[in-house]
Amino acid sequence: MAARAPDRRRNNPPSHGTTPPVFLSSSSEAVKPKQPSRPADDVRKIFLRTGLISSVTGSSFLEIAPLKLSVSVLGPRPLPRTSSTPFAAQAILTTEVKFAPFASTVRRGYIRDSSERDLGSRLYQALVGAIRRELYPKSRIEVVVTILDSEDEGDDVNTVYIEEGKTTVETKFWDSGRAERALGVVLAGCITAASAALADAGIEMFDLVSGGVATAFVDEVNSKGKGKGDAVSNKLYVRDPAIAPPEGKTPLATCVLGYMAARDEISELWISGKIGTKNGTAEMDELVDEAIAAARSARGVLNEAAKERVQFIVDKTAPAPPSKGESTDIEMSG
Amino acid sequence: MPPPTPLSPPELSYLYASLSLSPPIRLDLRTPTQFRPIVAECSFLPHCNGSARVCMSEAGECIVGIKAEVEKDATTKYVTVIEREKWIEVSVEVAGGGASGAGSGVGIGGISGAGGATGRDEGDGGAAVWLKEGLLAGGAGGWSILDRLVISSGWHWKLYIDVLLLTPTSHPSPLLLSTAVNMALDSTYLPKLTSPHDVDDIPTFSDDWAISVPLYEPTTFPRPPMSLPVVAVGDNVFLDPSVAEVATAEAGLVVTLSLSDSEGSCDIVGVRSMEVGRGGGKEGDRKGINRKLLRQMVNACVKEAGGVIKGLGETTHKQMFRA
Amino acid sequence: MATLTRQPSSGESQPPPLTFSTSLFRQISPALYLQRHLLHSPPTRPNGRSPSQCRDFTLTTNSLSHAHGSAVVRAGDTAVVCGIRGEILTVAPGDDPSQFESYNSSPTSATHACGTRGAGGASWGGLVIPNVELSTGCSKKYPLGPPGGLAQTLSDQLHELINVTKPVSLASLRIYDGDSNLSSTTKIKGYWCLYIDVLCISLDGNILDAAWYAIVAALKSTNLPFASWNQTEERIFCDGARYHPISLRRSFPFTTTFALIPIPNSPENSAGEAAILINDPDSYEEDEACEILTILSTTDMGTIQGGPSQPPLAGSRTRVEKIEKRGGWKIGISQIEICTQLAASKAARYTQYLMKEQLTPM
């Protein structure tokens, strides 16, 4: 955090500016974070609960291993009546994704940075088609996602590896797919949780959108040396990838998508990485299929959460014996 | 918010009907995979390491300047990943600001600036993220543009990519930006290092531009990436859609590709959804892309991209001062 | 859900009074609704609590992976997450380290406000920087976007609480040069700077108490990596394998907030009370309050050994560190005394929970 103009609405750090801690490690003793081994086609357990925030229309909380995020849905509420507000025949959807300052490897500021804005607009893209916006004219629906914790890019990215007696730059821990995997897992979580929150808010949708993410890996040896090409044969597809690549593998491409299972349609697609086109789009198809499979398993959780919520509402509205606390009769004359 | 369109619902409906015919009829009578003509020049800014100017009739004009500065590594030999990613800085600025509404940032073909215009946004939306992502992803699997930026032990180039957009619409085609950045990168040359490679002292460079080193070697691969927008209307797929076509379309993608060999075959380095107007279709028709359509759209891009990128590269090299 | 029955009124000739369902009444006339509840015998608040009763709360510490210390506090429907992260401030060669080692001495909020957010505009803080974020969709009432009035006030209040209570020994945040030949002051190469970020996830009143409690719990759970100056690389490096807690004050003060609900003179108000004090208000009650009273008090850790069943109420074991009251003139001396007692028992409960949380293995 270099010296920037202080934010007058918040408390600011000392004017000297502070830097995130940088760790030092000699690679010989580098302790690799132990990843609980998980089959490549398995996804992490998803915890999803809706309706935890009482003062908003709809809310959900999602937890996938380290990723924790909370979604609030505000609205539909009327657009402000100003002369500059255009007529909206359909509801205007706004989405906002914000990392908590302590949610990532390096502390983030309170002003949304470009990657957060980017996540927000992709979440918008994933949800906008699914909502029946024409039913809510002249109104606004806001989806706010707060990410409390995430795996992010792992602690490796802030570590300097020094190996005694070696002078070449060690690029072992440097792989370019890192940011994409980290953001991909977050985005998939955002999509799933936001759909749950929209359902909790009772907003009508064509279908629930669930997020899925998959990464294609190849052997490290294949990627270097020849550069490209023959690695196709032994590709490893990992659904819901962790940040540390599997042993001896290097990432090729990551695919994140928002998937409407009942309609078999993709509402949001994001692929980043390198995909060969020797066989047309066959390689891309495989990757997309893996991501869809991941989205399908998230959809199962989403359905359960929606069902739970419906059950809860049914139980609540069922005629119950009047409780003591609420039986205070009140009369108002005039 | 979808890109604002000047067309009325009946006009959109008409356009939708004509685009979903088989064969489709586009407003400007192009074939579905035909691109619109562009005017492009490169290396026209004498103080930049690389520069390009691209004009498109509808989307306006885009100027890209790339400057490289020598910067010391934070540590002598090793840098953290986070520090390395700061070696490239991309900024997108819209001149005049007349097109985009207050606080919304410019939306590049709906890639960015779509959601969350709640006053917290400042600056360029996601266009910069999208451009940088294409650059870094371009060499997944061992090769990275960042390796080209290492000067000597302890020193690296810091690349500033400044994009200036002069555009009459708030959602210019991603093709405009991408073409301009592609040409600018292709025409970027860095001065040749004259001091030894493995010494920690301040590096020195030759002032002779005739022996300067290109950022992307013209004969090796991968080459700078390039993004092609594609939209679908009915069962038809259209490359390089116009504003009206985007407003009508039901689904859109931006496919980023990079040339992988001299014959003009390409690797896909990125695919992103593009926001479209969904103007003409019937309500509740199509809310996303099914897999068949996705294949069709990406295939169209892959088929055409080779020729387009190669052609652009050749033009760039013809224009280069050293050619 | 209760539908209304007509109360037998004295004048039979009067037209029947308008009746509303309870939930509708709650919406259209919150002040009256609240007053009727409080005048009931025994007085019960709409949420079912008695006026002096506070909400149950839960505390979880160190549940976040990237923060150096963290706490989640949930009190009723108010939930806050506090994360503490250390960042490194590298001391430039000419700097005087002592300037970092003092809390901004600002005894009153007035001078404090001038000091940090005054006309100059630049407000660069000390080594401990608290901030509260409410723009998380935690409630309908607070719009998204830059911090509004409440968020700014809260950040400021917390900043002041930190300055007043001095929870962290700033000297323990020093980062030294590993070389032992240098004198002690030149050895200081940098400082840990603690960012305390409080995010409100769900807001239902009395966020100050929850936020402060979360901050204290998070500070207690904070572990910073060992940092030292690396001479060859000329930069501060941390050791990812070794962590140390930060040195804190022995016993922590806690805040307890009360709201005063005005009661107008009416036939129902037989006791003739002008206002009723309620402990730990929720947002519905906060909206109607005419005065807010916050007491910052410490309960000595020693009293806990006496047994959790008897909350220590004796004044000798409790110290009041700060009383802040906003608005109005209705709270009397005697009421403040009652509040102090309640605050003491709440502080004792806080301390108790905190110790219990720390004893349970992670």
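I am working with a predicted model, where local features need pLDDT of at least 70, side-chain atom pairs count only at pLDDT 80 or more, and totals for chains, interfaces and linings use all residues. Residues are numbered from 1 along each chain as its sequence is written, while chains are lettered from A and ligands numbered from 1 in the order in which they are written.

**Entry 1**

I looked up the contact and found 19 residues from domain 1 of chain C and 22 residues from domain 2 of chain C. Two residues are in contact here if their C-beta atoms, placed from the backbone, lie within 7 Å. On the domain 1 side, β1 (57-61), α4 and α5 of chain C each give two or more residues. Helices (H or I, at least four residues) and strands (E, at least two) are DSSP runs, numbered from the N terminus. The largest share of that side, 7 residues, belongs to α5(C). I sorted the domain 1 side by class and got 10 nonpolar, 6 polar and 3 charged residues. Ala, Val, Leu, Ile, Met, Phe, Trp, Tyr, Cys and Pro count as nonpolar, Asp, Glu, Lys and Arg as charged, and the others, Gly among them, as polar.

**Entry 2: α4 against α5**

Next I took helix α4 (residues 149-165) and helix α5 (residues 207-220) of chain C, whose axes come within 11 Å and cross at roughly 45°. Axes are lines fitted to C-alpha atoms, for helices over the stretch in contact, and angles run from 0 to 180 degrees between N-to-C directions. I therefore noted α4(C) and α5(C) as oblique to each other (under 35 degrees is roughly parallel, over 145 roughly antiparallel, 65 to 115 roughly perpendicular, the rest oblique). From α4(C), the contact uses C:Leu154, C:Gln157, C:Leu158 and C:Leu161, and from α5(C) it uses C:Ile207, C:Leu208, C:Ala211, C:Trp212 and C:Ile215.

**Entry 3: chain C meets chain A**

Here I found 68 residues of chain C in contact with 55 residues of chain A. On the chain C side, β3(C) makes the largest share, 8 residues. That side has 31 nonpolar, 27 polar and 10 charged residues. I also saw strand β1 (residues 23-25) of chain A joined to β8(C) by 2 bridges, running parallel; strands pair if DSSP finds at least two bridges between them. A:Phe23 has C:Cys238 as its bridge partner in β8(C).
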